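Subject: Structure for you to look at

Hello,

Here is the structure I said I would pass on. Please open it first and keep it beside you while you read the notes.

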Amino acid sequence: MKQKNKVNILIVDDRPENIMALEAVLDFKDYNLFAAYSGEEALKYVLQHEFAVILLDVQMPGLNGFETAEIIKKRKQSSHTPIIFVTALSKATEHVSTGYSTGAIDYIFKPYNPIVLRSKVEAFVQIYKKQIEINQKNQLLEKQATELKEKQNNLELIVKEKTAELVKKNSELQISEERFKKIFRYSPNLMAIRMLKDKKYIAVNETWTLLTGYTSQDLENLPEDILHIRETNHSTNLPYTIPYDLRIGVYNVEITYETKNQEVRSGLISTETANINGEDCIISTITDVTERVQLEKEITRLDRLNLVGEMAAGIAHEIRNPMTTVLGFLQLAKNQKTPQPEEYINLMIDELHRANGIITEFLTLAKDKANDRRQKDLNSIINTLHPLLRAEALLDSKEVKLQLEDCPLLYLDEKEIRQLILNIGLNGLEAMNPGGVLLIRTYVKEERVVLDIKDEGPGISKEIINNIGTPFFTTKEKGTGLGLAICYSIVARHSAHIDIETSEQGTSFIIQFKY
């Protein structure tokens, strides 16, 4: 088998001994030697292979060397293949001329010198190799040129796309800038832009100048904390090293600010950083809520007056009844000289106790009531009350179940928590029919300890649930309307939160304590 990496050389002669002699001279590892014994066989090889050089005998039967060479040269693929005529014919000029005219590159006359023959063949082989190398380089150059052209076309396309993208971005940026200018100028909020480096004002909008009383010219020579912005809940003893409208990452913080006329107004401030003309700046936005705060204070004041009125009416109604009873018996005793029966006296004492109980429960609602909060285990308090609630439930064929999970210790006033659980638990037992189950659960959820007291009563209507916790509101015939109000007061004093979930299957009071 011929090796692909070797150079092909074709030897054409009708005499086998001549071919063997040439093969002996050209027996190199870098050559693939092909032997053809006629012109026709040589043409077949030329059609199948590419040769670096052809050694062609002139005198052959059939197609002679000249005719074979002429046909080889007429074929485009082999027209440039060098042909060396090897002959024993005369060296006459006309014979040699015929050979060259048919496409011969050189002549070797028999008997030939092997060294000369080998040198000539090697020269043509090197030319062939150089030609192959040149062709490969040309192909590589063509490939690189094609790739370069494609890259150039792609680059042009990329440049075109990027240019279009930049034009679009620039257009969007212009629109965005125009939009920002309009928002900044006509915003109902106070907006200002300040440089972080020297703290100077770059621009303020019309609302800023209208509400503060300052003009753009005033800002040039005024101190950096011109508005005296203070956080509403901030301690006045802490120093303000950085003006609030120069702080980074502020969002809707409740503040007060001072106008040119020294009027203190309320607002919500937010800040955002921006780079303007290469300078790091901060954009502050103050939403003025002065009117809203004043309105909320007025609503709160009116709500308190309304609550005071409702509570006064409730107290008057609840205490008037026992006082009327006591007054009636005292007037009766005044008109009669005989001592009053013991049952009358006991009745008056009961009525006075009732009035005293109402006053005591009312005082429990006080927000500033002193309490004794200590680290306590909520589950232990529930376990202590369980027998009492269970005994109350058994009287009406009801049941109290506990599902208590491990919970961290809480700062609790044990007496108040007992009252809270008893008030809600007893209300739940009263709401259920015989056979109902009151379930008391504790668990931890999102860093809070949850107390869940659930009954199986008929649920609470929407009209009633909106009034739950209001003092003196009750649906019981003999209730004071202060039980749940006290519960809400206890929850507030423990910085806890109470939710109510109700349906036809029952009601849950869910109290969440922070720990």
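Predicted model: local features only at pLDDT ≥ 70, side-chain atom pairs only at ≥ 80, totals over all residues.

Residues are numbered from 1 along each chain as its sequence is written, and side-chain values use heavy atoms, without hydrogens and water.

Salt bridges: the whole structure has 14, each being a side-chain nitrogen of Lys or Arg within 4 Å of a carboxyl oxygen of Asp or Glu. One of them joins Lys376 and Glu414 (3.4 Å, N to O). It links distant parts of the chain, with Lys376 in strand E12 and Glu414 in helix H10, 38 residues apart. Helices (H or I, at least four residues) and strands (E, at least two) are DSSP runs, numbered from the N terminus.

Arg265 pairs with Glu263, with the closest N and O atoms 2.9 Å apart. Arg265 is buried at 9% relative accessibility, whereas Glu263 is partly exposed at 39%. Buried means under 20% relative accessible area, exposed over 50%, and partly exposed in between (1.4 Å probe, protein chains only).

Strand residue: Asp499 lies in strand E17 (residues 497–503) and is partly exposed at 29% relative accessibility. Asp499 and Gln512 are 13 residues apart in sequence, and their C-alpha atoms are 8.5 Å apart in space.

Regards
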